[in-house]
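Visitor: I'm new to this one. Could you pick a single part, take a close look at it, and then show me how the rest ties in?

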Amino acid sequence: MHKQEKQRHRAAAAAAAGDDNTEGDYYFDSYAHLSIHEEMLKDTIRTNTYRAAILENAEAFKGKAVLDVGAGTGILSFFAVQAGARIVYAIEASGIAEYAKKVVESNGMQDRIKILRQKEENVILPEKVDIIISEWMGYFLIYESMLDSVLLARDRWLKPGGLMFPTKARMYVAPISDDETYAERVDFWYNVYGV
């Protein structure tokens, strides 16, 4: 189990135990740590695919207003600026937004990238946007549950005829057999300390 998945499971358990924080609070807190962002940034296939999709469509970004939903460190926002975006509104609810602000400042991009530390559901933008970018895909494509926020952002902020990156995804599923994992995860429950 990956570290961030464990954090989300602990968050859900704490919420179920009556903790005052919501499951959403724990979800966002799990993204406040640099380690998860380091892992994502080091995923060169994923990051370079986003970069290529944005930079190879620079004409679509030139002079446009862009919304980055779940911006994290802001890497997609920087790619959008490199492609010619006029302004990027980077929404990030977790504490990583504070690091993203420092990265924006250290690159002198305060006038082009606006980091908004809020949940998408609460944000108020000064304008509608031409493009929405988001790295919303998680394990098994939809595990991280960011798709709802991206769709809400589309409905609230995207101009008619606006673009979304990515616009579609495919999920391929194939049956497998893994006796060891089955024994560990399923057979275990048939005899739990003799009960």
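Guide: Exposed here means over 50% relative accessible area, buried means under 20%, and partly exposed is what falls in between (1.4 Å probe, protein chains only). Before going on: this is a predicted model, where local features need pLDDT of at least 70, side-chain atom pairs count only at pLDDT 80 or more, and totals for chains, interfaces and linings use all residues. Residues are numbered from 1 along each chain as its sequence is written, and side-chain values use heavy atoms, with hydrogens and water left out.

Helices (H or I, at least four residues) and strands (E, at least two) are DSSP runs, numbered from the N terminus. An α-helix has 3.6 residues a turn, so residues three or four places apart point the same way. After α7 comes Gly 108, with a positive phi near 65°.

Salt bridges come next. Glu 98, Lys 101 and Arg 117 are linked in a network of them. A salt bridge is a side-chain nitrogen of Lys or Arg within 4 Å of a carboxyl oxygen of Asp or Glu, and the structure holds seven.

One of the others joins the side chains of Glu 120 and Arg 156, at 3.5 Å from N to O. Glu 120 is in the loop between β3 and β4 and Arg 156 is in helix α8 (residues 147-157), so this pair ties together parts 36 residues apart in sequence. Glu 120 is buried, at 4% relative accessibility, while Arg 156 is partly exposed at 24%.

Another pairs Arg 86 with Glu 127, at 2.8 Å from N to O. Arg 86 belongs to the loop between α6 (75-82) and β2 (87-91), and Glu 127 to the loop between β3 (113-116) and β4 (129-134), so parts that are 41 residues apart in sequence get tied together. Both ends are partly exposed: Arg 86 has a relative accessible area of 39%, and Glu 127 has 22%.

The side chains of Asp 130 and Lys 159 also meet in a salt bridge, at 3.1 Å from N to O. Here strand β4, with Asp 130, is linked to strand β5 (residues 158-165), with Lys 159, 29 residues apart. Asp 130 is buried, at 16%, and Lys 159 is partly exposed, at 31%.

Leaving aside its neighbours within four places in sequence, Ala 80 is in contact (heavy atoms within 4.5 Å) with Ile 54, Phe 61, Val 66, Ala 85, Val 88 and Ile 133.
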